[in-house]
Amino acid sequence: MSASTSQTTTPLDAAAVKADFPLLQRSVNGSPIVYLDSGATSQKPRQVLKVIDTYYHEINANVHRGAYHIAELATSAMEQARAKVQRFIAAPSSSEIIFTKNATEAINLVAHSWGRANLSEGDVVLITGLEHHANIVPWHQLAAERGVEVRWIPLTDDGRLDLHDLDSLLEGVRLVALSSASNVLGTLTPVRELADAAHAVGALCLVDASQSVPHLPTDVTEWDCDFVAFTGHKMCGPTGIGVLWGRSELLEAMPPFMGGGEMILDVTMEGFTPNELPWKFEAGTPPIAQIIGLGAAVDYLDSIGMDSVRAHEMALTDYALRTLADRHGDDLLVHGPSAVADRGGVLSMCYRDIHPHDLSQVLDQRGVCVRAGHHCAKPLMRLLGVGATARASLYIYNDESDIDALSEALTEAGDFFAHQPA
Amino acid sequence: MAGLEDLYREIILDHYRSPRNRGELDTPPANMTEGFNPLCGDEIRVYLELDGDTISEIRIGGQGCSISQSSASMMTTAVLGRTVDEARQVLKAFKAMMSIHQGDLDGDPPPGVTDGEEPISLGDLEALRGVVKFPVRIKCATLAWNTFDHGLDEISA
């Protein structure tokens, strides 16, 4: 994980960044909005909104079809966005960048296409206790359909991967599928170590990078993994656009996932010839505006610099962990690793005995937006021994005032439930 | 703007802090039905025992937020000792109260549930009416009831 922050990193100007996000100028329930749910989806800067708006106003046309001016502009804008994404994750070739609906579809693409072509009864898919349902259920489905075994890497008490028994866990494994950062605990995982371990036993490695690509520099060649899935809407881009990166030779050998227009070179009454990469996996009219919007999001993050993003989030996470602990002491439990270097800016909280749903409802009265629930990670919630948590997740536009507002609202929530007549 | 007091009425917090009919029943003779709120992870178990056509015992297990727990507790007091048909009437009236009509969101009272002649009185359960102003929480309030509904269907099957 390239989480290092060199001396030369330009500090992120949080006030200037916040000013780029129109939604963050609004108020909620009479208070300025304090948006702490970027792990669910990020807000969008005006630079991205403008690019999407301009696309529809000026160059809206279907891609790879019309030989007329605006169709060429739309096609070019879309393929430029693909090249931006390629550079952003240091992928060797833009033909390895497959656009999907979201990260979930990207993982399902691998499960259906590569999984069905390569896995059979007794083969093992090794996942981790940190996974989001998106990186669990597709493998459960293959298990039900093919008799594939889904095996789990356990966690340490502070929510890191327990790799003690990795050698025995790897027996019979054909695919290691892990998240690079937990959406519940913020835990950063040793992707390279697991990719190397997978390759050593002849297995492949898939990374669900939905929670790390928006927050840390990403280099898929440094990870030396085989597939990477992530989503656009958590990294300042629009909804409805995700990415699958895969090694060319793997993607070339895989059968198409969905059939239809765009994904073919030729169709006859007898059959079809699949298109070249990446279009082989992009059946139908793609989400053109969303792809171009994702390209604009990449430009926006590049203009800040991912090293600066990471440095800002580490500093803010450190501030949050310290100030919340100082003020709330034993009333507040924050799950996950305590060392800021081991985690992203995701704080899963339990406050007194107030149920997370009730807590988030009271916080909302102060405009503080946190997510309550199981965060689509029920196996992890069971490991933690809780049904739900309230999760505050940080991003580039958050600053210390947001943490202070959260801290103040927690006190108010405690007072609200304490002062009700019993 | 809907305030917290619309949601967290005193009687709701009372049932949350002192839940009625909480626990388990032996199965059999009781029937146990599990319910999940996939959004927030709340889990509930409704244990039901009939004496002839009358609900003679009901217990609630599981965990959840104040709205789901208090709604479950209030449900037990509303249906215990009633016949299955009567309980279904209460169930229907409660679900009608929890369904979102545009009028509710605008602050108008929802249309009365008549089902024949007389509206069913929901008594204390009326306190949960404010939940409708918080659409995300409706699933919390109805979790126990939907589970109870399935339980009645299982018993009748």
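This is a predicted model: local features need pLDDT of at least 70, side-chain atom pairs count only at pLDDT 80 or more; totals for chains, interfaces and linings use all residues.
Two residues are taken to be in contact if their C-beta atoms, placed from the backbone, lie within 7 Å.

**Domains of chain A**

The domain assignment divides chain A into domain 1 (14-32 + 305-419) and domain 2 (48-303). Their C-alpha centres lie 28 Å apart. Where the two meet, 23 residues of domain 1 of chain A are in contact with 22 residues of domain 2 of chain A. On the domain 1 side, at least two residues each are supplied by α11 (306-328), β14 (346-351), α13 (378-384) and β17 (389-393) of chain A. The largest share of that side, five residues, comes from α11(A).

**Contact between the chains**

The contact between chain A and chain B takes 18 residues from chain A and 16 residues from chain B. On the side of chain B that touches chain A, α1 (4-7) and α2 (10-17) of chain B each supply at least two residues. Of these helices, α2(B) gives the most to that side, with three residues.

The residue classes of two contacting sides are set out below.

**The nonpolar core**

The largest nonpolar core has 165 residues. Those with the most contacts inside this core are V176(A), V207(A), C225(A), V228(A) and I292(A). Helix α10 (residues 288-304) of chain A contributes the largest share of the core, namely 10 residues. Because domain 1 (14-32 + 305-419) and domain 2 (48-303) of chain A both give residues to this core, the core lies between them.

The surroundings of V176(A) can be described individually. Leaving aside neighbours within four places in sequence, V176(A) is in contact with L126(A), L194(A), A198(A), A203(A) and C205(A).

**The setting of L166(A)**

L166(A) lies in helix α6 (residues 166-169) of chain A. Is this residue buried, exposed or partly exposed? A residue is buried if 20 or more other C-beta atoms lie within 10 Å of its own, and exposed if 12 or fewer do. L166(A) has 15 C-beta neighbours inside 10 Å and therefore counts as partly exposed. Along the chain, L166(A) and P154(A) are 12 residues apart, and their C-alpha atoms are separated by 9.7 Å.

Technical notes
Residues are numbered from 1 along each chain as its sequence is written. Chains are lettered from A and ligands numbered from 1 in the order in which they are written. A nonpolar core is a set of buried Ala, Val, Leu, Ile, Met, Phe, Trp, Tyr and Cys residues joined through C-beta atoms within 7 Å. Helices (H or I, at least four residues) and strands (E, at least two) are DSSP runs, numbered from the N terminus. Domain bounds come from an automatic or database domain assignment.
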